Amino acid sequence: MASLLCVLLLLPAAAATSPAAGRLVPYDLLYADGVRAYFARDWGRAAELLQRALHSYAGLRTARRSCRAACRREAAFLGGPPAAGPWEAALFDRVLQRADCLQHCLGSRLGTAPSAHRASLLIQRDFERREPYNYLQVAFFQLKKLDQAVSAAHTYFVANPQHLQMREDIEKYRRMSGVKSDNFRDLEAAPHWEAYEAGVRHYNADEYLKAVDRLEESLREALSALEECRDLCEGPLEDEEEEEDLQPGLYEAIAGSVRGPAQWQVFQRHTCLFCFVLAQVGNQALAAECAASYLLFYPTDEAILEKMKQYHKELGEDTAVTARENIRHYVQRSLMEKKLIYYAVEHLGGTFNDPDLWTPDELIPENLKQKYREDQEKQKQETLDIEEIEKRGSLPFEGIIVTMDSQQMNGTQRVVFDRVLTESECKDLLRLTKAARGTGEGYRARRSPHTPHERFEGLTVLKAMQLAQNGDVDWRDAKLLLQASEKSRKIIESYFTPGKKLHFSFTHLVCRTAVEEEQEGRMDLSHPVHADNCLLDPEGNECWKEPPAYVYRDYSGILYLNDDFQGGSLFFTEMDTVTVTAKVRPKCGRLVAFSSGKENPHGVRAVSQGRRCAIALWYTHSAEHAEQERVKAEEMMKQRAAEEDHPDGEYQGADHSSRSSPEPLIPNGGARPMSQRHKAGSERMQHPKGLRVRDEF
């Protein structure tokens with residue numbers, strides 16, 4: 001992590017100097033003064049001091065990089081013993097020479113003793129986590145400098161994507177007038193990521209030649225950034241718990257230059273995309289070179305090996321294909337350093353968490369292999385979590401909070417939102433369930449499709465509209481069911497699949513009531529463990545995507561309406577259906593959402609007392625499997641709205657398809673309601689007769 005932060009925090013060489021020309025003010029002093037001004041609500045001075053602290057921090061890093069690079073050249077380790085005398089003397093002479101060089105170089109560049117710039121670990125961590133930008137965005141906002149506030153907020157959020165308050169602040173900024181998309185800039189974006197993102201944009205636009213140029217630049221900048229990061233990470237290992245009392249040993253002092261994780265993920269992204277783009281522009285020779293580079297990391301990758309055969313066939317079997325020199329150098333040096341580090345860990349003590357998934361098994365000492373495998377599994381999970389966070393979109397409604405994400409729920413593609421409904425809205429929907437009791441589209445008087453110990457009541461959106469039309473329930477309650485489910489769809493779509501449409505697959509307002517005389521000695525579940533789009537096979541550790549499973553379903557959701565009952569918690573398990581990984585207690589306005597596949601087996605605990613009500617929701621990316629009952633229900637609601645708008649009957653000849661469908665719930669905080677236009681034509685299909693009610697939640 002330290003090395004990754006080194007790359008992320010490379011800043012322009014801007015220096016915050018004191019009145020004495022050339023003297024760099026210690027950044028921790030400026031930061032402390034800035035925070036004091038912030039809490040004194042002196043926004044102008046807080047903004048000035050915090051910006052100077054960031055510039056001073058950047059200037060210190062620039063000086064350290066330059067001096068370490070210069071002193072490494074001046075006092076290089078030559079590698080071999082001198083003609084006369086012990087090699088130890090020559091080695092330590094170089095160590096002392098380099099230390100003296102660094103002291104003089106930093107003193108001249110900083111204008112003061114280097115020790116004056118040694119900040120506490122706590123302050124260092126604040127700057128690594130970009131905490132100054134958290135203060136800055138508030139200060140700029142108070143100063144009505146909206147563009148700078150947005151940039152500061154975005155810069156902080158890039159490094160802290162799980163910060164819920166900043167996520168909400170970002171959403172507020174997006175809705176403010178005067179805020180432009182260009183304001184959402186990462187002020188600390190590293191050059192290699194900017195070039196990489198530009199290359200991806202060109203690739204998506206089929207501009208492959210431009211993509212090649214930017215990806216080549218990105219790779220070059222990434223390697224350069226890693227070299228600079230090595231310079232910044234040199235030095236004795238600091239103990240987080242005993243910072244003041246630390247007495248670094250000789251091994252730490254000498255081996256400091258090789259510690260810190262290698263950033264394979266940077267090269268993985270570059271190499272995979274770069275190979276494909278080169279092939280697209282027809283440069284098979286460079287594409288083959290790129291594939292050979294990838295094989296340095298994963299020499300047994302079947303897909304790339306197959307590609308290499310194809311390249312050899314196209315270029316000629318006699319054509320020599322070698323990996324790129326800069327990648328080969330990177331791999332060779334990494335392997336040499338790992339060998340030294342593992343030797344030191346095995347024989348001298350200490351720890352090393354190897355972050356790379358490609359480290360050859362034979363390089364790791366036998367007594368460390370088990371720990372290495374455990375570390376790799378943890379690293380894989382962290383990588384999945386990061387990828388999921390990167391894919392997340394923004395929430396479309398104000399006031400909603402993410403209570404638990406995938407990491408907190410020990411899985412992938414899982415999330416819990418709160419405040420989706422108000423207490424009043426929950427009560428209105430519960431009134432709808434009571435009014436529809438016995439008339440809802442249940443299961444032909446069966447108590448429950450899953451257990452005889454509970455009474456099951458179900459109501460579809462179409463049935464709710466029909467009951468409202470007949471005067472059995474209030475139209476407003478039926479409309480609220482449509483609105484609440486649509487609001488949930490927008491939240492789930494924005495969070496999991498931004499930019500990709502989710503269609504309703506099925507919507508069901510369901511209640512389960514414990515049968516009082518049948519609870520004693522009960523051992524079963526309200527709903528057995530299952531997956532929503534495949535048939536779970538615990539013994540085979542598999543989930544079969546075949547009928548009668550609803551294989552087209554992509555995401556699932558449960559919007560809870562109450563918590564005045566016992567039992568009824570949702571829980572997730574491993575594929576064995578036994579090992580529980582997370583559980584969620586229902587409450588009004590809580591929305592649980594997750595992908596519908598084998599990665600999320602789940603069940604519902606027995607409802608042992610009371611009545612549990614919720615809106616069960618399933619979504620699909622497939623338009624052909626969209627819920628047709630909902631189309632009919634929306635048509636009925638539009639007809640009702642038109643009749644209320646034109647009580648004298650003037651609307652009778654109007655074109656239904658030109659009017660908006662019901663508006664979603666107004667977000668907490670009073671944001672403007674949005675409407676979704678219903679498409680005419682193929683999507684407006686006749687409701688098929690004899691729809692079979694399915695065994696849902």
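Student: Before we start, what does buried mean here?
Tutor: Happy to set that out: the cut-offs are relative accessible area under 20% for buried, over 50% for exposed, and in between for partly exposed, using a 1.4 Å probe and protein chains only. This is a predicted model, where local features need pLDDT of at least 70, side-chain atom pairs count only at pLDDT 80 or more, and totals for chains, interfaces and linings use all residues. Residues are numbered from 1 along each chain as its sequence is written, and side-chain values use heavy atoms, with hydrogens and water left out. With that cut-off, Cys-67 and Cys-105 are both buried.

Student: How many disulfides does a search of the whole structure find?
Tutor: A disulfide is counted when a pair of cysteine sulfur atoms lies within 2.5 Å. Over the whole structure, the search gives 5.

Student: Is the disulfide of Cys-511 and Cys-613 left-handed or right-handed?
Tutor: These two cysteines are joined with S to S 2.1 Å, and both are buried. The torsion about their S-S bond is about 115°, so the disulfide is right-handed.
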